[in-house]
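Please find below a colleague's note on the interface between two chains of a complex.

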Amino acid sequence: MSSTGEKVRISDLHAFYGESHILHGIDMTIQQGELVTLLGRNGAGRSTTLKAIMNMVGRRTGSIVINGNETIDMPAHRIAHLGMGFCPEERGIFSSLNVEENLMLPPSVRSDGMSVEEIYEMFPNLYERRMSQGTRLSGGEQQMLALARILRTGANILLLDEITEGLAPVIVQKLGEVLMKLKERGLTILLVEQNFRFAAPIADRHYVMEHGHIVEEVHAHELKEKTELLNTYLGV
Amino acid sequence: MSADSSDYVLETQNLIKEFKGFTAVDDVNLKVQRGHIHALIGPNGAGKTTVFNLLTKFLTPTSGRILYNGDDITSMKSAAIARKGVVRSFQISAVFPHLSVLENVRVALQRKEGNSFHFWRHESVLDNLNDRAVELLDSVGLADFADATTVDLSYGRKRALEIATTLALEPELMLLDEPTQGMGHEDVDVVANLIKKVSKDRTILMVEHNLHVVSKLADQITVLQRGAILTEGTYEKVSADPRVKEAYLGVAADESEEAA
Amino acid sequence: NVSDDKVKIGVLADMGGVYADVCGPGCVTAVEMAVEDFGGKVLGKPIEIVSADDQNKPDVGSAKVREWVESQGVDVVTGLVASSVTGAVTKVTTDNKKIALIAASASNAFTTKACSPYNAHWTYNVVALANGTVKPMVQSGKKKWFFITADYAFGHALEGVASKVIKSEGGEVVGAVRAPLGTTDFSSYILQAQASGADVVGLANAGADFVNSLKTAAEFGLTEMMDVAGLLVFTPNAQALDPAIAGGMKTTTGFYWDRDAEAREWSARFKERHGKIPAMPHAGAYSATMHYLNSVKEAGTDDSDAVMKVMKANKPNDFFAKNAYLRADGRMVHDMYLVNITKESERKTSDNIFNIEKVIPGDQAFAPMLPECEFK
Amino acid sequence: MATFLGINLFALSGQLLVGLINGSFYALLSLGLAIIFGLLKIINFAQGAMYMLGAFAAFLALQYLGMNYWFALIFVPLAVGAVGILMERFLIRPIANEDHLYSLLLTFGFALVLQGLFTHWFGSSGLPYAIPDELKGGTRLPFMYLPNYRAWIIVASLIVCVGTWWMIEKTKLGAYLRAGTENPALMQAFGINVPLMVTLTFGFGVALAGFAGVMAAPVYSVSPEMGSNILIVVFAIVVIGGMGSIGGAILTGLAMGVVEGLTKYFYPEASTTVIFFVMVIVLLLKPAGLFGKEA
Amino acid sequence: MKISKFNIALVGLGLVAPLVLYPVFLMKVLCFALFASAFNLLLGFVGLLSFGHAVFLGTGGYITGYLMMNTGITPELGILAGTAAAAILGAVYGKLAVKREGIYFAMVTLALAQLMFFVYLQAPFTGGEDGLQGVPRGELFGFIDLSDNMNMYYFVFAIFLAGFWLINRTVHSPFGQVLKAIRENEARATSLGYNVNDYKWVAFVISAALAGMAGSTKTLVFQLASLTDVHWHMSGEVVLMTLLGGMGTIFGPFVGAATIVSIQNFLSGGELGNYIHIIMGIIFIVCVLAFRSGIVGEIQKVIKRNFS
Ligand SMILES: Nc1ncnc2c1ncn2[C@@H]1O[C@H](COP(=O)(O)OP(=O)(O)OP(=O)(O)O)[C@@H](O)[C@H]1O
Ligand SMILES: Nc1ncnc2c1ncn2[C@@H]1O[C@H](COP(=O)(O)OP(=O)(O)OP(=O)(O)O)[C@@H](O)[C@H]1O
Ligand SMILES: [Mg+2]
Ligand SMILES: [Mg+2]
């Protein structure tokens, strides 16, 4: 593997919320253009892993190298400028801003983000409701908005937490297509998903988490042979 | 009232809700039959949650009527509607986080006791409700957690607790908004089974995106689109409708059917 | 014959509020000086001083004094600034048969409707202010008056007394506005005064209210159109004003530090300790305390009734109290002074605040006694 | 003289203008609070003390540094803003995640200390600060004599208010601020240095109070109490205008000046109460304030 | 409230305290403790910050003071009348205020209180700035002379215990359970069929009535009712007392009130008097930065950490 292709390298990552120790030494690497998922049960620590990468947990130790930069001591706001885009599981729509303001809010971190027109085309609901208060959107619309706004920033490493949650099947399909397209553009994606059926066909690799550890790494081509194993971990 | 309409627990007539020129619910005539599990599905932003909010008066309809057991409840306050037996759960989990699990259920049981304004009596008068509360917790598999503080529960258990609390009110009609959202597969099944279990003797109206759950539970489905009813019927009928496929299911419908 | 084997003086004043410069820590200093000058002992027993901040609140002040007299053996209370506080405090002192030496309050109630055999009202009062300032102005032909009055008891009293004087001299009150205490912007009231067509605008307020209202009057050109009379001006307030604005204004005071050699001597000592020249309540507090201590000595006891008898029988006479006597109703009658505020050119130092125009004999300044207040 | 319903119209126009002057002063004062309280959601009870600090700083700068009014107008707000920055950094930030009540208690304590210190050093009678020579005198209008300095108050505060309004509502700053207070962690993750932004904004809001202090020094006396009296009135104005609305605070400030001015004419005793009366009515009829967005 | 050894000891302490300490000081502490506890019922247990609570304290005081001065009723009736007046005012103000939430609730209560402040400032029967001075303490039930400080003390102590008991009982009553639920999740409480505004309103009225009772008692103790008691500073002071002692705890308001009254008393005499504002200010800052849960809250934390 060439080191230029390596976008994220995490080694021995521990994370804490106050007293509680949530992640116990995570190791993973993600190559440019890869789509990697984090699977696991509720409370396994998947969201925490994403938040730890963004330095949004109480405390973290170990090493997180992004694009060749060590970020373990970097304040959160600088990490974003390495090209990171984060879509949190609670969506984080701002009630004090309207839809369009929410969409335009995150500063661009790179120049080649999607244009607003492209985004509105992809999510016509948002266009229609663009002047309405952010949190007045329906649950699913908020989910779309949370995703759309980081696509605008031009981030090329996306951390996506449960983006299909609460979305109609037709939108879920569309999202799958969008992710494939982003991958083709060379974006790197780390995806946390419950919906294995959604994740399986588009992911290159899967990490399985349990109790703050990575317990298994499954490549796309191994899925068939490891179905049993995944079943026991995930209860699919 | 015609004899026919008495079969319907809940009925809406030309229900409309507008937000500043935007019509979120557009002339909806919904009929929920007694004893059914009735699912409300539809694309995002179709107005499902808004319908729920109208039914429970968290929002006021712009026009139209809501009938419950034939009575017009359009102008009643939300607490009063709850007292009549229409109880909802929320899309985002609703529990009392710093009360114990038992107390969560007891608060719901307490209402019927008629002593809720008695500030001069000791709370131990509520202890006679404990047995019933434990019973309810048991029915959702939470009996062992009665003394735990609610914040410490896992997500799935919080949902279960919420259902137990709702059951405490002995609702005739339960409104569930995406009861399985955000759950792992195991929990989804647990909650789905729970819903099936509690649906005896009562009517349930639910919003759900998980087709697996819908196909498994729903006796009747109403599909909303852009605030209006697109079609209604059983899962088989609805999922075969090409308009539903296009607007909501996408091609996944067939796969999901296989899975179910 | 001294209770608790000591004589304890309580000084209640505004230590940090709007009247702090008028009678706050300065009054404590003045009382300390009196005790030291007296020799620190009376009838062989030590004299102690306690002090407290009343925050200009009647409840705070009266609670403190209650504690003093009920549980700490305080024999006499002095200081006493805000009239509302003094009213509440004198209720407590009278109930407990303790003497109150009122050094700074303006209201004339303590020797009229709220009079008490234990009150000694020392420095000045609203009647003296009105007689001193208003009367000569009306007599000189300034017949039409407009009042800007602080909307509380003191302001109402001052306006009321002044109005009576004006009417009795053949003048007329053409209008009045009641400005809430602590008003920051007086421009609206100044405009109303301007429109009233009065000859004189009387400022029936004190402290910061006085300073602000006068400043605004000058800014809006009122001082050029008509006369402005400050009915109660303490030296620190006058110092806070630009002499270009305040210079020449007439007012009445009970004391001025530069009046004569005796006053200058005491004031120099006061300034050395306190850092600022004395205002009239400071001198009054000293004088009252001194007279009290002298009377204790002569009475041979600190029993309030006996002491008060001596206080009323003997005439106070010191650098403050000129031609003075303590009337049966508790009013300390003494010379008052009509002064004008110095102009820029007259200020050799920043302490040259007043020019004394005229001495007003006490009997002309203060109102006659009410029969029901003639305590023996 | 022209009269209408027995009211002297000339006198009334004078009162209206005076009300407008006071209103522009209120606008200026409430602007700083609208930013700190309305946008950052920090209950800053020391805002009045900062206003007082501004006035004292102008006085001291003149006294000891010989700095004239015009320089004070620039440097004093910077200095007061710096105090604000230190205050935010060392007192408020440690409790940023706690209940808002604690910032109230803390800033109230801070205000007490400041007020106490200044009373201790300078007494409570108030200190003189002369109107700058350039603005002495006045203009005779048909219905009143308008002092030049009062006219200047209107001009200066309008410039500052409009400038601030533009900066916050018309640039992205306002959106960043609102979002940053709602969910600081997420804004950090978007690449915004939220703590720095909050500190600077707080400093700016405080600096505005300092600016108002300098503006006030020549017309109201410079005294330690000057800030505490006006504080809750300014809070009321921000709430009436609608929290989070900069324009609302400005317009309400102007309107309340006029309302208060008219009250001083018709019923002066009630002039300090009328704003609360308006507040009760507004909050009962329009819960989010006149210009606030309903939650 | 369980009748624990701890509580008995406290009551015993209350009974002997006036033999050691100046009774009027103790009475002041008790009045403010009752006031703060009443306020804490709203803030700590319902989550409502009433920023105008002084208006109830003052109303109780003025009504009792006026009646005692002008009608010659006995003190217990005077206090009942003051309490009732505060309750009525609380009922009206509460109706208006509970419709609003959070900071708006605080602002509505502040504004309403300011209106009443104006009334008390201007109304002819209140004595304006002077207040009602020289209110007679009267004779309890017509035969116990309250001008004796000891008698007065035990009367005040009894009132305090009654008020304090009622607050505790309210917190630990079926009604209190609903209040707790409302504070935790208002929307959910509504969906369970509770008219949350009615519950808040009842809590508001109870709190107002007890605040009024504290004010009535205080007026008798000091024989004075004044504007201080209705000023917004007093509303602020009760917030401080509650936070300093520990909001949402049973004994916190008592401890907070006792602490602040003692500090004020200590500082108001003597040399430190000049620094009273500075010292109080520093105390608040330190309190917020170092022990935020308040005195009682912090002690409870320590106990929890070490003994459970
Ligand atoms: N802010 C927090 N403070 C303390 N503990 C937390 C916090 N957030 C999460 N946790 C705990 O960390 C653990 C991992 O949580 P995380 O949210 O990462 O799980 P997850 O794998 O994303 O599961 P889910 O499907 O529920 O989102 C859980 O036990 C959770 O209770
Ligand atoms: N309070 C409101 N103000 C303005 N628009 C609103 C409000 N509430 C909902 N809407 C709009 O009404 C439409 C219907 O929303 P609703 O929440 O009912 O959708 P939904 O069917 O529940 O969708 P989802 O499946 O995504 O939860 C959406 O477009 C939403 O933006
Ligand atoms: Mg998660
Ligand atoms: Mg929804």
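1. What is the mean pLDDT of chain E, and what percentage of its residues reach 70 or more? The mean is 89, and 97% of the residues of chain E reach 70 or more, pLDDT being the predictor's confidence in each residue, from 0 to 100. For the complex, the predictor gives an ipTM of 0.84 and a pTM of 0.86.

2. This is a predicted model, in which local features need pLDDT of at least 70 and side-chain atom pairs count only at pLDDT 80 or more, while totals for chains, interfaces and linings use all residues; side-chain values use heavy atoms, without hydrogens and water. Residues are numbered from 1 along each chain as its sequence is written, with chains lettered from A and ligands numbered from 1 in the order in which they are written.

3. Chain B brings 36 residues to the contact and chain E brings 28 residues (heavy atoms within 4.5 Å). About 2,700 Å² is buried between chain B and chain E, and carbon and sulfur atoms give 62% of this area (accessible area, 1.4 Å probe, that two parts lose on being put together, summed over both). Of the area that chain B buries against chain E, 25% is supplied by B:Phe96, B:Phe117 and B:Phe119, more than any other three residues.

4. On the side of chain B that touches chain E, the elements giving two or more residues are α2 (78-84), β7 (86-88), α3 (101-110) and α5 (155-168) of chain B (DSSP runs numbered from the N terminus: helices H or I, at least four residues; strands E, at least two). The largest share, 5 residues, comes from α3(B).
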